[in-house]
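Trainee: I would like to learn how to read the surroundings of a ligand. Where do we start?

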Amino acid sequence: MNQEQWTSVDRYITDLLVPEDAALREATRSSTAAGLPSISVSPNEGKLLHLLARMCGASRILEIGTLGGYSTIWLARAVPAGGRVVTLEVDARHAEVARANFARAGLDGIIDLRVGRALDTLPRLAAEGAGAFDFIFIDADKASTAEYFGWALKLARKRSVIVVDNVVRKGAVADAASADASVQGIRRFNEVLAAEKRVSATAIQTVGSKGYDGFALAVVTGDV
Ligand code: SAH
Ligand code: DHB
Ligand code: MG
């Protein structure tokens, strides 16, 4: 098994089941052209987020880590009329690319992009009473994932769904001695997740066009 095979199978799946329209293709193209890192979710992962959000009937979605807005577009397309997506991004250049992509996708009316460190914008959201969010996708700097999860719980309700990207990191997550701050951040998050009595959770390894990684999936089962 190698990257070439994972990429060709992802292409096969995506061609069959996940046709991208012009807005999604343009989101990827413009992000690459602007020099943004190629770390957005893959098309089939984007569709997975979209389907999960639809399965739980989400109309209010929170995303932490926008980049060029590729995953945001998939999420925004899952919400019914009157729904809303709040997405948080620290990098003004990423935000500018994302804003153009939301406008091109006709989604700028339902996406609220907030620029700033998420650890600053999350408390502001809470103070505004912006919750409760039905679905929360955590995909920003990995070192702060445990803190983002804490804020996600504050902004959630019973039965909210929380998805956390990049929890396997090419398998490095199982290496307690890893010197990588992202890996240690995810390990710390996994411990918080395991100890958190108000959620039920699992994590899944994935391979595909973006390599070997995985995501955690949690549902709020207690009062938050
Ligand atoms: N969800 C996107 C990918 C996000 S990449 C997609 O799948 O399409 C991670 C993003 O988190 C980057 O754009 C990065 O600038 C942003 N980020 C990093 N640290 C952050 C912070 N402290 N607060 C908010 N966003 C942050
Ligand atoms: C990284 C971040 C991501 O959100 C991702 O999907 C892949 C990689 C990173 O920071 O390396
Ligand atoms: Mg990610």
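Mentor: With a term: a polar contact is a pair of N or O atoms within 3.5 Å; within protein, one must be able to donate a hydrogen and the other to accept it, and residues adjacent in sequence count only if both atoms are side-chain atoms. In this case, a polar backbone atom of leucine 67 lies 3.3 Å from an oxygen atom of ligand 1. For glycine 65, a polar backbone atom is 2.8 Å from a nitrogen atom of ligand 1.

Trainee: What should I know about the model and its numbering?

Mentor: The model is predicted: local features need pLDDT of at least 70, side-chain atom pairs count only at pLDDT 80 or more, and totals for chains, interfaces and linings use all residues. Residues are numbered from 1 along each chain as its sequence is written, chains are lettered from A and ligands numbered from 1 in the order in which they are written, and side-chain values use heavy atoms, with hydrogens and water left out.

Trainee: How many residues surround ligand 1?

Mentor: A residue is near a molecule if one of its heavy atoms lies within 4 Å of it. Ligand 1 is surrounded by 21 residues, and among the closest are Glu89 and His94.

Trainee: Which residues surround ligand 2?

Mentor: Ile39, Asp139, Lys142, Asp165, Asn166 and Arg169. The side chain of asparagine 166 has an N or O atom 2.8 Å from an oxygen atom of ligand 2. For arginine 169, the side-chain N or O atom is 3.4 Å from an oxygen atom of ligand 2.
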